[in-house]
Amino acid sequence: MKKAALKDFFSKKSTRIFLLAILFAGLTVAPFVTNTLTKRIISTIFIYSLLSMGNMVIGGFTGMLNLGHAAFWGVGAYITAILMTGYNVPFSAAFLAAGIGTALVGLVVSIPCLRLSTDFLSLITIAFSYIFLAVVRNWMSVTKGPQGIPGISCINFFGVDFSSANAVYFVLFAVAVVSFIVISNITKSKFGLAMQAVRDDELGARSAGIKPAQVKILSFVIGTFFAGLAGALYAAYIGYIGPNTFTFDTSTTIFQMCILGGLGSIPGAVVGTVFFVVMPETIRTLAVYRVGVGGVIMLLLMLFRPQGIMGSRAFATKDGIQERIKNKLIARKVANVQKHV
Amino acid sequence: MNPDLIYFFQTLLNGLAVGSMYSMIAVGYSMVYCLLNRVNFAHGDLYVFGTFISFSMMQIFPIPAAILFACLLAGLIGMTIERTVYRPVRDAFRLVPMISALGAALVLRTIAQIVWGTEALAFPSLLPGGYLEIAGLKLFYKNFVIIGISLFIVIGLTCFMRYTKLGRATQCIVESLSTASLMGIPINRIIPLIYALGGFFGVVGGVAYSSYYGVVSMDMGIWGTIKAWAAVILGGVGTTYGAFIGGLILGLAETFASGYLSSAYKEAVGYIVIIAILMLKPTGLLGKKRIEKV
């Protein structure tokens, strides 16, 4: 009874709006009351949540395993850095250029899914992440190779400098909130339903008049667009970029955020991001094993609860271990009742 | 002989050897892949793990025993991975087994990093070092040994799949899992066995690769998965010799790219060749067309 009441409480819309308002108010007040480290962690969460939400559109809604998201992030960051340091382009223009340029790269990478199965696209994304690193490390004249590009000026929209830590915090906050609203509206729209239809049953979707290849390419472009924006923000926020940030390990971390939060849920992406940004900060001694910890989390989640914390039912298994235990408990209850009768 | 021509033949020979090593890793992968049509992310890390084990065993035991032991152990690990990571989620959504396999790969990688460290280790060269010179062309013995081993494995596995009862049962499972189990084929015994074979031959390829380049490192893991996967898809899913030919093409493309263009971009060129071939022929070079039924 108590559990049902609790569930009722959380499923009410008014409760949800109330909780969201508290969260919003807390994040607005946070920079004035906390220290620099906390502010930095929350800012990192904002940037990473852009990445994980983009990857959620690709992986959780369209069902494509994208293991090169960090490389797209890197494309956005390098476009911004090169435009700002080499050509003195203002940040607002570089920001848009990063988004659109990365989306174009995403378009080129996803074109093979016109003819090939979805699984093949994950091979291409892994290959892309390695090719990206090879190009960045060897094209000395443009990307300055392994030493990276320093001295990127701070975030600046239309001549207004956001150089203080609090101002940067609020810019990142605003971009994250706007992106969240845009992405969740995309996933609730007709196109979002088409994406989920393609994920669940490609043939069925096709017979309902949806073009799977188009949907896949478009969702890939949307996801990589937000990765590009995140890249621009990251480059201007940190002020320096190097190839070692945008490795395959970062891509798997981004994907793990989506899995933990729950595939097929945009708020889930944010929840997963919070966990994977805060975890390495709190257990620094385990930082060496971060990859392994992420792997164990992936394994256990897939075996026991593939839909993650708040993911879509489409990922839940019918005969997973969790369901089996549940069935056994139900069977025991039925047997008990029969005994009493 | 014309020096350009010598250079060409030298590159060709090297490319064939590199391709043979890829195909040795890819052959095992191909068998696992075609069984359930699920991408096996753990394969790359498994074969590197096995190569590391053989490296450690060589300090204690004679070399052939060490390699055999490592191969068998990798087969055992492959079976364990199948039992713990794949079987519980076999009927789940398509992405779920892929993700759990990636998790297993990351766990294997972390264990290897804890035991052997993150740096690349120098692997002893087990292949004969000399060469035969014909008209200015240097024919290295090690290239021929590697090509020979991989040919032997491919022919052996093809015969195994065609002429033994076990191989035919495997082909039945490839055709349809549920029908095979209805016909009384013990699928839960054959599938782990195929995973074990995949791990076994993966380590053979891994040892050959490591002793050819004289280095073993954990970075080869995910890279090996990609190479094997690319070779399998290129050659066509479902045949062992398809994976062999795919591996050869991949190796040749990379070696010619590094010989005539730049070694920094050899991998990129390899992938561009694969994507170009697949765009023209999506089933791979020797693959059969799979018609999706409702």
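Me: Leaving aside neighbours within four places in sequence, which residues is B:Ile99 in contact with?
Reply: B:Ile99 is in contact with A:Leu65, A:Phe255, A:Ile259, A:Leu263, A:Met298 and A:Met302. Contact here means heavy atoms within 4.5 Å. The model is a predicted one.

Me: What makes B:Ile99 stand out in the largest nonpolar core?
Reply: B:Ile99 is among the residues with the most contacts inside that core. A:Ile155, A:Ile241 and B:Phe41 are the others named. The core has 193 residues. Its largest share, 15 residues, comes from H1(B).

Me: Why is H1(B) called roughly antiparallel to H8(B)?
Reply: Helix H1 of chain B covers residues 3-36, and helix H8 of chain B covers residues 187-213. Their axes cross at roughly 165° and come within 8 Å. Angles over 145 degrees count as roughly antiparallel. H1(B) is therefore roughly antiparallel to H8(B). By class, their contact has 20 nonpolar, 6 polar and no charged residues.

Me: Which hand does the crossing of H1(B) and H8(B) have?
Reply: The crossing of H1(B) and H8(B) is left-handed.

Me: How do you know whether A:Ser49 is buried or exposed?
Reply: A:Ser49 has a relative accessible area of 4%. Buried means under 20%. A:Ser49 is therefore buried. A:Ser49 sits in helix H3 (residues 36-61) of chain A. Beyond four places in sequence, A:Ser49 is in contact with A:Ala176, A:Val270 and A:Thr273. A:Ser49 and A:Ala227 are 178 residues apart in sequence, yet 9.8 Å apart in space, C-alpha to C-alpha.

Me: Why does A:Thr253 count as buried?
Reply: Its relative accessibility is 12%. The cut-off for buried is under 20%, so A:Thr253 counts as buried. A:Thr253 is found in helix H12 (residues 248-261) of chain A. Not counting residues up to four places away in sequence, A:Thr253 touches A:Phe276 and A:Arg290.

Me: What makes B:Phe49 buried?
Reply: B:Phe49 has a relative accessible area of 10%. Buried means under 20%, so B:Phe49 is buried. B:Phe49 lies in helix H2 (residues 42-57) of chain B. Leaving aside neighbours within four places in sequence, B:Phe49 has contacts that include B:Ile77, B:Leu108, B:Trp116 and B:Met218. B:Phe49 and B:Gly206 are 157 residues apart in sequence and 9.2 Å apart in space, C-alpha to C-alpha.

Me: What is the phi of A:Asn88, and is A:Asn88 buried or exposed?
Reply: A:Asn88 has a positive phi of about 55° and is not a glycine. Most residues other than glycine have a negative phi. A:Asn88 lies in the loop between helix H4 (69-87) and helix H5 (91-110) of chain A. Its relative accessible area is 66%. Exposed means over 50%, so A:Asn88 is exposed.

Key:
Residues numbered from 1 in each chain as written. Chains lettered and ligands numbered in written order. Predicted model: local features only at pLDDT ≥ 70, side-chain atom pairs only at ≥ 80, totals over all residues. Heavy atoms only, no water. Axes fitted to C-alpha atoms, helices over the stretch in contact; angles between N-to-C directions. Helix = DSSP H or I, 4+ residues; strand = E, 2+ residues; numbered from the N terminus. Parallel < 35°, antiparallel > 145°, perpendicular 65-115°, else oblique. Left-handed = near helix turned anticlockwise from the far one by under 90°. Nonpolar A, V, L, I, M, F, W, Y, C, P; charged D, E, K, R; others polar. Core = buried A, V, L, I, M, F, W, Y, C linked by side-chain atoms within 4.5 Å. Buried < 20%, exposed > 50% of the residue type's maximum accessible area, 1.4 Å probe, protein only.
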